[in-house]
Protein chains: 4
Amino acid sequence: MHYQSILDDIVESLRPQLGRHGEVADHIPALARVPAERLGIALRTCEGEEAAAGDAGEPFSIQSVSKLFSLTLAMQYLGDDLWDRIGREPSGDPFNSLVQLEFEQGIPRNPFINAGAIAVADRLTSRGDAAAEVLALLSSLCDEELQVDEEVATSEMDAGYRNLALASLMKDFGKIDNPIPQVLEAYFRQCSIRMDCRQLARAAGYLCRRGKHPYRPDEAVVTDRQARRLNALMLTCGTYDAAGEFAFRVGLPCKSGVGGGIVAVVPDRLSLCVWSPALDENGNSHLGMEALEMFVAKTRLSVF
Amino acid sequence: MHYQSILDDIVESLRPQLGRHGEVADHIPALARVPAERLGIALRTCEGEEAAAGDAGEPFSIQSVSKLFSLTLAMQYLGDDLWDRIGREPSGDPFNSLVQLEFEQGIPRNPFINAGAIAVADRLTSRGDAAAEVLALLSSLCDEELQVDEEVATSEMDAGYRNLALASLMKDFGKIDNPIPQVLEAYFRQCSIRMDCRQLARAAGYLCRRGKHPYRPDEAVVTDRQARRLNALMLTCGTYDAAGEFAFRVGLPCKSGVGGGIVAVVPDRLSLCVWSPALDENGNSHLGMEALEMFVAKTRLSVF
Amino acid sequence: MHYQSILDDIVESLRPQLGRHGEVADHIPALARVPAERLGIALRTCEGEEAAAGDAGEPFSIQSVSKLFSLTLAMQYLGDDLWDRIGREPSGDPFNSLVQLEFEQGIPRNPFINAGAIAVADRLTSRGDAAAEVLALLSSLCDEELQVDEEVATSEMDAGYRNLALASLMKDFGKIDNPIPQVLEAYFRQCSIRMDCRQLARAAGYLCRRGKHPYRPDEAVVTDRQARRLNALMLTCGTYDAAGEFAFRVGLPCKSGVGGGIVAVVPDRLSLCVWSPALDENGNSHLGMEALEMFVAKTRLSVF
Amino acid sequence: MHYQSILDDIVESLRPQLGRHGEVADHIPALARVPAERLGIALRTCEGEEAAAGDAGEPFSIQSVSKLFSLTLAMQYLGDDLWDRIGREPSGDPFNSLVQLEFEQGIPRNPFINAGAIAVADRLTSRGDAAAEVLALLSSLCDEELQVDEEVATSEMDAGYRNLALASLMKDFGKIDNPIPQVLEAYFRQCSIRMDCRQLARAAGYLCRRGKHPYRPDEAVVTDRQARRLNALMLTCGTYDAAGEFAFRVGLPCKSGVGGGIVAVVPDRLSLCVWSPALDENGNSHLGMEALEMFVAKTRLSVF
């Protein structure tokens, strides 16, 4: 397929809608001042072919997309022990709800809701500097040196009362091993990593390669089975309370973040990333989802 | 692949576990007396190749597997209008919970929880005899004359207080158009259709054929896009409160029923059906899920 | 005290507000056409002194006020066995919520929410014609022949899907012994009894007389202890989701209904009834509550 | 009445049950090592008569009984503005549940659940040293110098993750003005005040005196109306999730704490305090409730 022309077409046809739907995340100033009128898309195939269009080279805050990579690290380290403290089911509730966490006694429904990602950060913190490891993993995966946006990290920590509530509740249930401030710092720092679409499309490459490193085919980031499971979790839980809608309309494993980025995977074919900062009511990039739907319509690369 | 030997292997290796895990559904006598020690599996490829093993020829009550076919009919008739009254998100609650239905004002989370299937039955009832149409669709799809088990249908109606509560609550919210007894009769009758694994594997064939009829390739049961969407709904919502677990361990679109049947789809490849009546705590066939996991491990036919 | 002048004052000072706040119940036509501009108040002391003002002689539909009297009957018949199937705690949820009923497996929080009153009706139905007995009790208590409003009763039955849902859910949990239609008919008929303020003030007289009949002091309607317990239940649970607010502002045991009536008790002193059909957002009579607050401010007859 | 002999009788008849029901609070070591075999009771009438029996002179941790006095202070300072951030309804959920707090967007149901008392502590913190003021109020009310148990206060702060979760969630909703650590310290310190039954019975005296100070009849602690409202809140919300049961069985305004103390009020008559450290499943003193029920049975001093 001529991926480059497909991506160009998508950006071209969505350009008139730039800044007309949704709202940029505004819970911290550094995110609130990102201009809404941005759209980037990039992909990399299993053969190493690349294509990109629009603002694919403009860095943004990866936010919850980082949960995919911290989970990957936790799977490497802990294997199935990880699941003692985290479920694998869609939550059916908004991503930051405490209700389910209380009913289920401190066991988050899945690793992609905030509580689940905080639980993952706690497990990683028991082994070392969790945020630094996520940063190192991502730098390795996209073969570039990446940075945490310190302003974002600091603002997140100052404003993160909901996440503090989640962590405190899990700690009360005996499900967090490390001090809360340390765990939350790790979590907020991993969310504050800056990347662009190209880099994220590259970094997610192990997920379409049965777990193999995107640039070092002999090296397994995770096993084949783990890569499939990561894809399954992305599809059922990766886009907050809209996973069903994504599966229905897009049909690819996706992980989104409130920075406006969405990573998607076509197993055995390619990994891609779209970015547009204006969010729909579920916290997913409005145009990002449109772009993915167009991509699947044009390529028929849905898993279904 | 040598599907026949794969299916034989699966049945052979699971045979020692027959009757050792889970419980047969016992909410009505006709289901409670089904022997637990049964396991059948059958598939049919897009090329028409068939394979079957174990008790694949023994008819059982399809129960909630019927929701897949009533939804198919509703999509044919109503297109996207169907979604005015039914959501497309995993529920995160047990399949028969009223909590979510009350909070969301009579709009069921998805068409595969009981409330959603009752809402579908109501929409079909507005057009005619819903249960008869589901029966006719299934008979056409598997190319055989099927029957409703009248004893099961009668027992379900006598014992169906939870479903009566769901229907009444939706009616109270103005979301059910037809008289409750008529809607519930349609629902219970479609659940009481008897089929065996072979028949169900055949009937689901349009889902791996981009919507085309399993025996009449020129005839579209649904559109390509609708077929993909049905698969997406199966994967995210088709197995009660264990959809995440199914995606994680099996990785195929599945629809299960408390009769112990599970239909699964490998898009563009094949449709299959397993049956074993003993259920796990989520209401899914315990050995059925094991069999599917083995099938995917042996064939690597997961969508992920 | 000069009760008559106090009641006159209350009606006089509230008259300018008639019809300016709240909405008349409109779930059935017969209630919707009651004029909003009505206010009546009546009391009867333990010594038999009576006072009344405004529309105290105009009959209205007692609706949920009837729950007080059906509970009285159930206490007579069943004693403490009654509490096997009904709790005694405030619900913290709207009066017709299914959520709590589902979590607590068919045991209603208290006998004054709809589910609880339906459970009471079921227990009474096991002994005979429940609605007829409530009617007979009320006729005896106020020493006049009362009637069920048949139009209201029929309309309630036709529109009562929420109550059908509650009854079905309890039946599903095995907590309803009799056929649902019979139980709901009893419940809807008792709600459809017509009385005026004078009659209800008289009828509630046993609650300020330590259980003794208002007109036959030698006859115990309930024991002293049961009378106190009825008052306690009224105070903590008698006014839907506003029991705390009533205790805070009025400070008397009260039972309200969506017909706009509220019965209140001053233990060892008097029983009273106010009626004004326009309801606040909790389903309690807006001016009725105002009138009770004024009554307590003028007489200092709060229990606190 | 001969209160002294009544209290002696109560202690005598309950003595055989000492240590046989319930469990001492064990969430912090200093509470866990309190012996279960203790029972004290004391009262003081509006005329200044006192009576006491059992372990009435042994100090204990007042815990949530302090919420009554911090609320009193907040009513003094803020009047009805207090209710902008706190409701007045029973919660229908365990005292430390986050569910309701999330649904109701950071507004606690009432000032006696933990979230409500933390919200009160926040309002008091805006005016000064909240815990010091509660301590000063209590010292004035019982006319003795009281102390905070520093070991208990420190332990509470170290273990209080559930309360940290509640405070964080309210802060996230913009309902807490002061820094969380400062608010929680105030809250935990007020809970750690040590008093005995005699002192608490004296201190609660303004609640049976229409707001007047127990020892200085010319001085109003709160207004008559506020005193009645405090009693109303105690009756509907003062004993965690068992307020209905207390009203039903005891029929007096009560406020309990997990230290095993319960303060009760008979308006216009007397204030009393019972203490026994073993708690029932609701977190109320098991024998304390029994003692109150006996007291009311013997004196017929229920408000109902």
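Of the residues of chain D, D:Ala165 lies closest to the rotation axis, with its C-alpha atom at 2.0 Å. That axis comes from superposing chain D on chain A, which takes a rotation of 180° with 0.0 Å of shift along the axis and gives an RMSD of 0.0 Å. The two copies are therefore related as by a two-fold rotation axis. Copies were superposed by least squares on the C-alpha atoms of residues with pLDDT of at least 70 in both. The same surface serves both copies, as 100% of the contact residues of chain D recur in chain A.

The model is predicted: local features need pLDDT of at least 70, side-chain atom pairs count only at pLDDT 80 or more, and totals for chains, interfaces and linings use all residues. Residues are numbered from 1 along each chain as its sequence is written, while chains are lettered from A and ligands numbered from 1 in the order in which they are written.

Chains A and B meet. In this interface, 29 residues of chain A are in contact with 29 residues of chain B (C-beta atoms, placed from the backbone, within 7 Å). On the chain A side, helix 11 (224-237) and helix 12 (243-249) are the elements that give two or more residues. Helix 11 of chain A provides the largest share, eight residues. Helices here are DSSP runs of H or I with at least four residues, numbered from the N terminus. By class, this side of chain A has 12 nonpolar, nine polar and eight charged residues. Ala, Val, Leu, Ile, Met, Phe, Trp, Tyr, Cys and Pro count as nonpolar, Asp, Glu, Lys and Arg as charged, and the others, Gly among them, as polar.

Other pairs stay apart. Chain A and chain C do not touch, and their nearest C-alpha atoms are 11 Å apart. Chain B and chain D do not touch either, with nearest C-alpha atoms 11 Å apart.

Methods:
Contact = placed C-beta atoms within 7 Å.
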